[in-house]
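Hi there,

Here is the structure I promised to pass on to you. Have a look at it first, and then read my notes below.

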Amino acid sequence: MKKDTVQETEIRNAIEQYYFKGIYEGNTELLKQVFHKDALLFGDIKGVPYYKTATQYIEGVGSRISPQKSGKDFNPKIISVDVINTIATAKLNVKMYDFNYYNFITFHKIDGKWLIVNKTLTDVEF
């Protein structure tokens with residue numbers, strides 16, 4: 001299968017300009033632009049099961065002290081992006097506060113825009 005670099009670039013831009021920047025700044029408007037309103041988040045944090053709707057997640061990001069305001073390190077990285085037609089997955093590593101998150105993000109291109117429709121996450125010890 002031929003790699004679609006145009007679509008991959010659009011997804012990488014969505015991750016960097018909306019997802020990573022939204023988390024770093026605590027900017028809920030950026031996150032609302034990249035998350036589908038019905039997206040769900042599942043995973044575990046330090047072994048505790050985690051589940052939130054996109055709305056709950058975005059409200060949580062907006063109510064905490066952002067990495068930018070805390071002055072603490074924020075090191076996000078895109079490990080991989082795979083695209084097939086209008087669906088895609090991205091594997092990310094986000095080091096912030098005392099967490100070392102790995103995310104699997106599922107995207108769907110809806111009305112010409114890549115949106116996060118699902119996020120799974122776990123925290124791995126450094």
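Let me start with a question: are F35 and Y57 buried or exposed? F35 is buried, and Y57 is buried too. Here buried means under 20% relative accessible area, exposed means over 50%, and partly exposed is in between (1.4 Å probe, protein chains only).

Before you go further, please keep in mind that this is a predicted model, in which local features need pLDDT of at least 70 and side-chain atom pairs count only at pLDDT 80 or more, while totals for chains, interfaces and linings use all residues. Residues are numbered from 1 along each chain as its sequence is written, and side-chain values use heavy atoms, with hydrogens and water left out.

**The overall picture**

The protein chain has four helices and six strands, in the order α-α-β-β-α-α-β-β-β-β along the sequence. Both kinds of element are DSSP runs numbered from the N terminus: helices are H or I with at least four residues, strands are E with at least two. The C-alpha atoms fill a box of roughly 40 × 30 × 25 Å along the principal axes. Of the 126 residues, 34% count as buried. Among contacts (heavy atoms within 4.5 Å) with a separation of 6 or more, 48% come from residues 24 or more positions apart.

**The aromatic rings**

A pair of aromatic rings is described by the distance of the centres and the angle of the planes. Rings of Phe, Tyr and Trp (its six-membered ring) pair if their centres lie within 6.5 Å; planes under 30 degrees apart count as stacked, over 60 as edge-to-face and the rest as tilted. The whole structure has six such pairs. In one of them, the ring centres of Y19 and F20 are 5.8 Å apart and the planes meet at 40 degrees, so this pair is tilted. Y19 has 1% relative accessibility and therefore counts as buried; F20, at 6%, counts as buried as well.

Now back to F35 and Y57. They form a tilted aromatic pair, with 5.5 Å from centre to centre and 50 degrees between the planes. F35 lies in strand β1 (residues 35–45) and Y57 in helix α3 (residues 54–63), so the pair ties together parts that are 22 residues apart in sequence. Y19, F20, F35 and Y57 form one aromatic cluster.

**The salt bridges**

Side chains of opposite charge can pair when their charged atoms come close. A salt bridge is a side-chain nitrogen of Lys or Arg within 4 Å of a carboxyl oxygen of Asp or Glu, and the structure holds six of them.

One of these joins K109 and E10, at 3.0 Å from N to O. This pair links distant parts of the chain, with K109 in strand β5 (residues 99–110) and E10 in helix α1 (residues 5–25), 99 residues apart. E10 has 31% relative accessibility, so E10 counts as partly exposed.

K21 and E25 form another salt bridge, with their closest N and O atoms 4.0 Å apart. Both residues lie in helix α1, four residues apart, about one turn of the helix.

K46 and D123 also form a salt bridge, with 2.9 Å between the closest N and O atoms. How do the two partners compare? K46 counts as exposed at 53% relative accessibility, whereas D123 counts as buried at 12%.

Enjoy exploring!
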